[in-house]
Amino acid sequence: MTSLETWKTFEPESYYKSFLEKNKRPDGRGLMKVRPITIKIGTVTTAEGSSTVRVGHTTVMCGIKAEIATPALRNPDEGFIVPNVELYPCSSPKIKMGPPGEKAMGTSQFLKNVLHSSGVLDLKDLCIVPNKLAWCLYCDVACINYDGNLYDAALTAIMAALQNVRLPVVSYDAENDKTSVASERTLPLMIKAKPVSSTFTIYSDGIQLMDPTAEDESQGSGEVVVVLLENGSLCTTHKPGGQLILPNILDDFVKLAKKRVKVVNNLIDRVLTERMDTS
Amino acid sequence: MSKHACELNFLSRSDGSALYSIGNTVALASVNGPGEVKKFNRLYNRAYLEVSYSPSTGQSMIGERALESVITRTVEQVILVHLHPRTAVNVTIQEMQSDGLELSTSVNAACLSLLDAGVQMKSTFAAVTCCLTPSSTILIEPTAAEMKESVAVATFVLDGQALNVLSAHQEGCLNAENFNACLKACQTAAKDVFNFYRQALEKKYHTCNEIS
């Protein structure tokens, strides 16, 4: 082991701090620089819609399966969208086998909240026959390599996959109580909003980092996620505990997040258009 | 603002407990610790914090797990964990009655129960929920019916010293201007909550003085 690696192993806090003092991170990035994003769609051919997103080394796959279900009694004209995030043990040494842990559950709840708050899908559009048939979209988000920033990667993956979903036409014969599903998947979903999230880690008073890696997250003390709509306006924020922040810092985060919105949405649009051209 | 009420030291076997209600939402928090910790959770330089939340009806699902996570990470920042290495602090929250304000009632109950148990903290903390109606009015501590009609519901957990943001949770869409307005409204309301904490604790210690 070189002396630098020895320092990193035995004194991770001071090793990391030495980079921050020079306004850089161990991977060479500035404090507000984001990692490159790669998006691929249609990676799970058995799913109605799917995508694979890489944010730096963090790799997330999303597959959307559509099933026909009976609408709930409370909302007889609405379908369902059920996001579920899982972190596989292969993604990081900190993740163990077993039921989803805090990180996975927290991210699932975050996705559920963002999809609902930003109005990505009108659940009424997922209804086929009120009180009888509705689509239930199971969105499985699997992280196969965890290097920080699961929120952004998961949201990008689920948005790319949703825009890639093709549902078959369903017809219902009320007289004979017969449901028939077409064999071809042709109908896209009506996506009403395209939210993009940006995660920041609070290291200490006065030092915040954008798009944290796993090392940044373990050295930091809390995350703040700001979610913006495609026109750059703030939609929702998520700060699940962690070090306290001054309210004006959120305005700075929103400014930095605005630039990211166009980048991500343009990338998703480009990937979708390329797919349409080739198929 | 809805009516706050609380009873401290409600449970005789816990180190600290608080029964807290905001309007019609009631939560019971119980604190045990710093005490025994499982070998698996033992941390060499600080206390291990475990929060468990049980809803009043139904099974614990991801919503409850997410709530536990928010409360754990908020409380971790506030209690002086480094004073109690190789120990565990357990906070158990039982939802008694639900009218939409579960998060803020649980957080406030947790804070008072930690104060009742005498766990050392950097500052107190309080949660305030507000909602934005379609006519752009901000309602503090709305009822479940008011929340259903609203555009967005935001809950902020603020610290007792400078009213800075420890946690923020939002449902619905709030643009930057509305977000800042909600935050300011919650910061103003939080001052009343901290005064309420002070009164509750003064009452507890006043009663103790009378006995001695």
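Contact is defined here as heavy atoms within 4.5 Å. The structure is a predicted model, in which local features need pLDDT of at least 70 and side-chain atom pairs count only at pLDDT 80 or more, while totals for chains, interfaces and linings use all residues. Residues are numbered from 1 along each chain as its sequence is written, chains are lettered from A in the order in which they are written, and side-chain values use heavy atoms, with hydrogens and water left out.

Chain A contains six helices and 12 strands, taken as DSSP runs (H or I, at least four residues, for helices; E, at least two, for strands) and numbered from the N terminus. The C-alpha trace of chain A spans about 75 × 40 × 40 Å along its principal axes. Of the contacts in chain A with a separation of 6 or more, 68% join residues 24 or more positions apart.

Buried residues account for 49% of chain A (buried, under 20% relative accessible area; exposed, over 50%; partly exposed, in between; 1.4 Å probe, protein chains only). Chain A exposes about 13400 Å², of which carbon and sulfur atoms supply 55%; accessible areas come from the Shrake-Rupley method with a 1.4 Å probe.

At the interface, 27 residues of chain A are in contact with 27 residues of chain B. The two chains bury about 2500 Å² between them, 57% of it on carbon and sulfur atoms. Met105(A), Leu234(A) and Leu244(A) supply 20% of the area that chain A buries against chain B, more than any other three residues. Buried area is the accessible area (1.4 Å probe) that two parts lose on being put together, summed over both.

Val165(B) is in strand β9 (residues 165-172) and counts as buried, at 1% relative accessibility. Leaving aside residues up to four places away in sequence, Val165(B) touches Lys239(A), Gln243(A), Leu244(A) and Ile245(A), as well as Phe156(B), Val157(B), Leu158(B) and Leu183(B). Ser21(B) lies in strand β2 (residues 16-22) and is buried, with a relative accessible area of 14%. With the same exclusion of residues up to four places away, Ser21(B) touches Lys3(B), His4(B), Ala5(B), Val26(B) and Thr105(B).
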